[in-house]
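Dear colleague,

I am passing on the structure that follows, together with some notes on what was found in it. Could you read the notes with the structure open beside them?

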Amino acid sequence: MADLRTNFAGIESPNPFWLASGPPTNTYVQVAKAFDAGWGGAVWKTIGDPIINVFSRYGSVDLGATRMMGFNNIELISDRPIADNLKEIAEVKRNYPKHAIIASLMVESKREVWHDIVKRTQDTGADGIELNFGCPHGMSERGMGSAVGQVPDYTCQIVEWVKEVATIPVIVKLTPNVTDITYIARAAVKGGADALSLINTINSIVSVDLDTFAPAPSVGGKSSHGGYCGPAVKPIALHLVSAVAKDPQVKVPVSGIGGISTWRDAAEFVALGAGSLQVCTAVMHYGFRIVEDLIDGLSNWMDERGHRTLADVRGRALANVAKWEELDLNYHALARIDQDKCIKCELCWTACEDGAHQAIRRLPRDNGGPVVEIIEEACVGCNLCALVCPVQGCITMEQVPNDFASVTWKEYAAGKGKLAPRSEQFHTATWSKSR
Amino acid sequence: MPEPSDAQLAENFADIAPALTPDFALLEANTCLFCHDAPCTIACPTHIDVPAFIKKIATGNLRGSARVILEANPFGHSCARACPVEVLCEGACVLNDRDEQPIKIALLQRHATDHVLARKLQLFEAGKPTGKKVAIVGAGPAGLSCARDLRRSGHAVTVFEAKPQPGGLNTYGIAEYKLKADVALAEVQDILDLGVELKLGVTVESLEPLLDEYDAVFVGVGLGKTKGLGIPGEDLEGVVDALTFIEHLKTHPYRQTRVGKRVVVIGAGNTAIDAVTQAKRLGAEQSTIVYRRGEDDMPCYDYEYELAKRDGCSFRFHASPKRIVGNGRVEGLEVERPDKSRETIPCDMVIVAIGQGARTDLAVPSGNPKLFVGGDCANGGAEIVNAAAEGVAAARKIHELLGGNRR
């Protein structure tokens, strides 16, 4: 079995799967249960001066019959006394010494207040501190959370204060609600951050009740924008994790957060540079038990591919994340339809005809043979047909080799390299009845 | 075996395919691929735009979904319950080719139409009066489909029906566990509410006066009586034709329909299955199909055969009825085997289900441009959906005849 042991900025855990700071990490009982279930670490629900929450805190987006493909919340940080939280963190650490326990902190932007909370936290024996500079709702109105994380100078300043007294690793959790997250990441590193974690939730309104016109989650008919998360945000998180992990000025470990629900998601985050993985929404949906398949699936995949440790996988996809101008213009591909697998739904035709390049021809249904075929001279290899096809392996994209060397836009625009010939029909769709 | 209790009878005749829950409907609707040029739509005689109505279920637009269904097929609700979808839309579903179950189109169709029936939502309105009037003979699915679209075009419509209730076989002849009379009548009422004049208990004996008085006449009178066996003993007490048996069952409290302890049904079509299963469900100890040919020759649909087997009915193949024996009452059915040997199957009730003949009591002259026919009397006996398709098509032709533009 693959070795999943993790050392993230000096914080050790038996596997890379940590519970992200949130409702599942609110109490000793939950975190202990999670560790018993197999979680490698937990970032405690953010501690600060206890707040008062509203009733009705979560909203979600369903996709068809699939529940909660997107999720948001307007819950604030912990509403429990700081002392209670710290006492339970100490208890967890005492009873689960090999697991990673990290305290998430958010207090007023005052040096002495930060010094005090960091010192008290370290007394618990916690393995690390995560600074919540990302929470986008409620706390940001009070000058905390993303109000800090959206301003590089504030971010740097508070990290510096924390590092003045910190004796354990400090992770800075970043908000995606900025134009370029790398600026904030660099500021955190400049302030002395030992690691970064991202993404926190995204500003959102998940829905509006069409009977009452109340946005969700409705608090007596009103709502406020909340933090969006869940499977829907994974692509955004993957991009931002890769952007930070690739940035030559960052160079600190990155903990990946955002829509991780399966071992595949986890492996993708690791391949884009994540050193540990934080999960919240999937646990809120299905419970702590999901960690079993996260571990099992990741291990099986690593074993099958011959990856012994996470270090073998980490960042492996980063080199392949390029600028558009670095992509090869002479890589040509075409869609191929396996007619034996085709079930004749014609979704590919509809999508290509209306939404892409009119490169699929319809054939009469009553002939008993194929009903769709690729018009190769019109196919730009865009992938859309393969994406909409409901049969696995029926439409594949195949490279069409040519004798031309690779040429990127950067090179071509500079007058270097030669473009392989392209079909005239790319720009001249001919409309006929056969379509 | 004791007689079934009222509760047992109610269970025996409950909907064979219960309505989908909203959650299941949403799941199923979202499983539909939304095919282009969809084979399900092509397979439906009324060409309901199946992907369109299913997509509307997925978006929560049930009223719009029902409208798509009923626009194409005024009897979309009863078809959802009684159509042989296995050989029509669901049989054509592309998911069959992915080694999967097809989309439950019939149940989704019922889900959408239940929504409007339960709320008595009228989705259509009568057209501006044209001053033209059309007579329709027969208030079955063909006649009333024709009536609905004529009313939408603004023509005055009078429907003549010999029976005391409208709906034709929907009201009187569909197996009780598929479609109950009150449901059939509720569906009919939506059509009548468009302003159709309905004359019940009126037997039209000649079309000539109607052709003189009306601008057009549509005939949808269905088939004639069940064919006779032409064997001795047919007049014994305890011999009944399938349609009479089923009609009695559907128009009376269950207990009032007499059923034997040992019932023999002669014939192996879909009506024979309806008879043999309902006799069993009424409490017959044995309910047996007797058929002169073999299992593979049975004209009923495969799924109907499966249903009868599940119901515990028996089958006697290669048994050709020769004589019904009994002293005043049925005591047995004498059959001949292929080797010419004979055997008497003991029974106390014989249900004859060997098909209906054509109507002989109403002369339908050919060549009159004002006269249109549709439904079972034109197609020789088919499904509700065929009758609806033919009624709708006739309405379109009549509308054109009366100078209207195509809608």
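Predicted model: local features only at pLDDT ≥ 70, side-chain atom pairs only at ≥ 80, totals over all residues.

Residues are numbered from 1 along each chain as its sequence is written, and chains are lettered from A, with ligands numbered from 1, in the order in which they are written.

I start with the parallel sheet of chain B. Strand β1 (residues 133–137) of chain B runs parallel to strand β4 (residues 216–219) of chain B, and four bridges join the two; within this pair, B:I136 has B:F218 of β4(B) as its bridge partner. Both strands belong to an open sheet of five, whose order in chain B is β3-β2-β1-β4-β13 and whose pairing is parallel. At its edges stand β3 (197–200) and β13 (371–373) of chain B, and because each has a single partner strand, one side of each is left without a neighbour in the sheet. From one strand to the next the twist averages 20°, where axes are lines fitted to C-alpha atoms, for helices over the stretch in contact, and angles run from 0 to 180 degrees between N-to-C directions.

Of the 14 residues of α8(B), 10 are buried, so the helix is largely enclosed by the rest of the structure. A residue counts as buried if 20 or more other C-beta atoms lie within 10 Å of its own, as exposed if 12 or fewer do, and as partly exposed in between, with C-beta atoms placed from the backbone. Among the buried residues of α8(B) are B:I105, B:L108, B:R110 and B:V116, and the buried residues of this helix pack against α2, α3 (39–43), α4 (50–58), α5 (62–72), α6 (76–82) and α7 (89–92) of chain B; contact here means that the C-beta atoms of two residues, placed from the backbone, lie within 7 Å.

After α8(B) comes B:K120, whose phi is positive, near 50°, and which is found in the loop between α8 and β1 of chain B. With 10 other C-beta atoms within 10 Å, B:K120 is exposed. As background, most residues other than glycine have a negative phi, and most peptide bonds are trans.

That background also bears on chain A. The peptide bond from A:L198 to A:I199 is cis, with omega near 10°, and A:I199 sits in the loop between β10 (195–198) and β11 of chain A. A cis peptide bond also joins A:A216 and A:P217, with omega about -5°, and A:P217 has its place in the loop between β11 and β12 (226–229) of chain A.

Chain A as a whole has 14 helices and 18 strands, and of its 435 residues 44% count as buried. It is divided into domain 1 (6–320) and domain 2 (324–427), with bounds that come from an automatic or database domain assignment, and 40 Å separate the centres of these two domains of chain A, taken over C-alpha atoms. One open sheet of chain A has four strands in the order β5-β6-β12-β11, with antiparallel pairing, and its edge strands, β5 (58–63) and β11 (202–204) of chain A, each pair on one side only.

Finally, the contact between the chains takes 12 residues from chain B and 12 residues from chain A. Helix α2 (residues 22–31) of chain B gives the most to the side of chain B that touches chain A, with three residues.

With best wishes

Methods
Pairing = 2+ DSSP bridges.
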